[in-house]
Amino acid sequence: WPRAGSAPLEVLGIADEAVAAFPSSTSLWCMRAALIQLGSGDSPYTLDEALVCYQRALAADPYSVEALEDIAHFYDAVLSDSAKAAAYFAQAKRARSSAGTKHE
């Protein structure tokens with residue numbers, strides 16, 4: 001999916017279908033949130049909806065390093081809330097450490 005520039009509404013529509021079909025996919029929720037952030041000025045989606053997507057990703061898997069890091073970046077870069085960002089980055093670090101010890 002696009003990581004820079006703008007995301008066309010058609011792509012956001014496909015993301016909507018994807019999360020409807022696979023609601024427990026943390027990656028799809030994170031992708032949808034990222035696409036919303038890249039939405040054009042005429043997008044019906046708000047940044048609040050992007051935050052909801054990240055929260056849905058964490059509800060599906062509270063230990064998802066991807067979701068934790070993505071929401072941390074969102075709080076830092078979009079909402080300018082460095083305290084919440086730091087908390088989510090710390091959670092991501094703990095989740096990454098826990099995942100590493102489980103595979104050993």
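The sulfur of cysteine 30 lies 8.9 Å from the closest cysteine sulfur, that of cysteine 53, which is too far for a bond. A disulfide is defined here as a pair of cysteine sulfur atoms within 2.5 Å. Cysteine 53 is likewise in no disulfide, with the sulfur of cysteine 30 as its nearest cysteine sulfur. The structure holds zero disulfides. Cysteine 30 is buried, with a relative accessible area of 1%. Cysteine 53 is also buried, at 0%. Buried means under 20% relative accessible area, exposed means over 50%, and partly exposed lies in between (1.4 Å probe, protein chains only).

The model is predicted, so local features need pLDDT of at least 70 and side-chain atom pairs count only at pLDDT 80 or more, while totals for chains, interfaces and linings use all residues. Residues are numbered from 1 along each chain as its sequence is written, and side-chain values use heavy atoms, leaving out hydrogens and water.

Aromatic rings were examined next. Rings of Phe, Tyr and Trp (its six-membered ring) pair if their centres lie within 6.5 Å; planes under 30 degrees apart count as stacked, over 60 as edge-to-face and the rest as tilted. By this rule there are three aromatic pairs. One of them joins tyrosine 54 and phenylalanine 74. Tyrosine 54 sits in helix α3 (residues 47–60) and phenylalanine 74 in helix α4 (residues 65–78), so the pair ties together parts that are 20 residues apart in sequence. Helices (H or I, at least four residues) and strands (E, at least two) are DSSP runs, numbered from the N terminus.

Phenylalanine 74 also pairs with tyrosine 75. Here the ring centres are 6.5 Å apart and the planes stand at 80°, so this pair is edge-to-face. Tyrosine 54 is buried, with a relative accessible area of 4%. Phenylalanine 74 is buried at 2%. Tyrosine 75 is buried at 7%. Ring pairs link Tyr54, Phe74, Tyr75 and Tyr88 into a cluster.

The backbone at serine 80 was also examined. Most residues other than glycine have a negative phi. Serine 80 is not a glycine, yet its phi is positive, at about 50°. This serine lies in the loop between α4 and α5 (82–102). Serine 80 is exposed, with a relative accessible area of 62%.
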